[in-house]
Amino acid sequence: MRAALAATTLLLALTALAACGATPQTTLEPTTEAARQARDLMVFVFWAAAVVFVIVESALVYILIRFRRRPGDGLPAQTHGHTALEIAWTIPPTILIGVIAALTIPVIFANAQPAGADAMRVRAIGHQWWFEFDYPELGVVTANELHLPVDRSVELQLESDDVLHSFWVPRLRGKLDMVPGRVNRFTIRPEVTGTFQGQCAEFCGTAHALMKFTVVVETQAEFDAWAAAQLAERTPPSSELARAGEEAMAAGGCVACHAIRGTDAAGVLGPDLTHVASRAHIASGILANTPDNMRRWLQDPQGVKPGNLMTIPELTDDQLDALTAYMQGLT
Ligand code: CUA
């Protein structure tokens with residue numbers, strides 16, 4: 001019995017530890033001041049709760065055993081009201097809650113500070129089920145991959161095109177809702193370069209769990225080069241196959257939803273594809289941007305991401321090859 005219990009405990013502990021392996025969306029490894037403050041608060045509250053848990057449970061177990069009813073016991077002494085006990089379970093919890101409030105309130109105010117005048121502004125717009133990123137000062141429009149320069153404040157203007165979404169990059173900041181009909185703002189000041197995983201954190205329909213994005217934090221020079229490349233019109237097709245892809249795209253109606261600057265495609269319902277090949281992922285962060293995955297996506301978007309709004313006729317192998325070649329050339 002004892003061995004079985006020990007084995008079960010070990011198994012549970014190992015399972016819990018295994019879940020802590022690759023965690024790109026962990027809140028425990030913050031890389032900004034705002035995310036660090038949130039992590040520190042969470043850690044403090046966790047340990048405070050752990051201490052309370054141990055005290056309360058120990059007392060409970062002790063009392064259950066020590067004062068259990070034994071054969072022949074009569075009615076125990078009946079107590080009504082106990083001033084010392086009542087003070088003990090009122091004053092210390094009030095102090096603890098007061099400490100938590102005193103630590104939390106300044107962080108809430110610090111996080112609500114508007115961005116300075118020198119901050120870069122980016123509109124992040126939630127769609128079912130992808131993210132649009134517009135840089136009004138630069139004229140750049142992209143999707144599902146937010147590029148930010150390191151060590152510069154960015155004011156994100158969070159909006160929604162349809163239903164409630166929530167913008168969440170755990171290592172950069174806490175989450176904030178994207179609400180139809182209003183603009184929520186918050187500031188991020190990335191401190192380290194790298195790629196960070198983001199996720200929609202508000203249930204928004206069938207493909208909510210597949211509504212992901214990445215944030216690429218890079219040096220100012222890298223960011224400027226990226227922005228300049230994004231501003232350019234599409235790279236013209238460089239092969240016969242890719243040219244056929246561009247024609248198939250226009251003929252197949254894709255242009256009704258997607259924009260590719262430099263062509264007639266000017267749709268605004270789906271992601272801008274002018275530089276789709278420059279992005280590391282497709283289908284809002286769920287597939288690596290490889291030729292195989294692009295083909296898979298074009299062949300069966302509903303299979304890859306059930307419920308998504310991309311409707312596409314069944315394509316022949318030749319059309320799939322041509323469209324894939326064309327997409328891969330849109331650097
Ligand atoms: Cu968008 Cu969940």
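Asparagine 144 is buried, with a relative accessible area of 10%, in a model that is predicted. This residue is found in the loop between β3 (140–143) and β4 (145–149). The points below place asparagine 144 and two other loop residues within the chain as a whole.

**Backbone details in loops**

- Most residues other than glycine have a negative phi, and most peptide bonds are trans.
- Serine 284 is not a glycine, yet its phi is positive, at about 50 degrees.
- The loop that holds serine 284 runs between β11 (281–282) and β12 (287–288).
- Is serine 284 buried or exposed? Serine 284 has a relative accessible area of 2% and counts as buried, because buried means under 20%.
- The peptide bond that joins glutamine 128 and tryptophan 129 is cis, with an omega of about -5 degrees.
- Tryptophan 129 lies in a loop as well, the one between β1 (120–127) and β2 (130–135).

**Secondary structure and domains**

- Nine helices and twelve strands make up the secondary structure of the chain.
- Into which domains is the chain divided? Domain 1 covers 29–64 and 84–113, domain 2 covers 120–192 and 202–209, and domain 3 covers 240–328.
- The centres of domain 2 and domain 3, taken over C-alpha atoms, are 23 Å apart.
- Domain 2 and domain 3 are in contact: ten residues of domain 2 meet 14 residues of domain 3.

**Overall shape**

- The chain has a radius of gyration of 27 Å, whereas a compact globule of 331 residues would have one near 20 Å.
- Taken along the principal axes, the box filled by the C-alpha atoms is roughly 95 × 55 × 35 Å.
- Consider the contacts in the chain between residues at least 6 apart in sequence: 62% of them join residues at least 24 apart.

**Surface and charge**

- What share of the 331 residues of the chain counts as buried? The share is 35%, and asparagine 144 and serine 284 are both described as buried.
- About 18800 Å² of the chain is accessible surface, and carbon and sulfur atoms account for 64% of that area.
- The side chains of the chain include 24 positive and 34 negative ones.

Note on methods: Residues numbered from 1 in each chain as written. Predicted model: local features only at pLDDT ≥ 70, side-chain atom pairs only at ≥ 80, totals over all residues. Heavy atoms only, no water. Helix = DSSP H or I, 4+ residues; strand = E, 2+ residues; numbered from the N terminus. Rg over C-alpha atoms; globule rule 2.2 N^0.38 Å. Buried < 20%, exposed > 50% of the residue type's maximum accessible area, 1.4 Å probe, protein only. Contact = heavy atoms within 4.5 Å. Areas by Shrake-Rupley, 256 points an atom, 1.4 Å probe, with all protein chains shown as cover. Lys, Arg positive; Asp, Glu negative; His and termini not counted. Charge placed at Lys NZ, Arg CZ, Asp CG, Glu CD. Domains from an automatic or database assignment.
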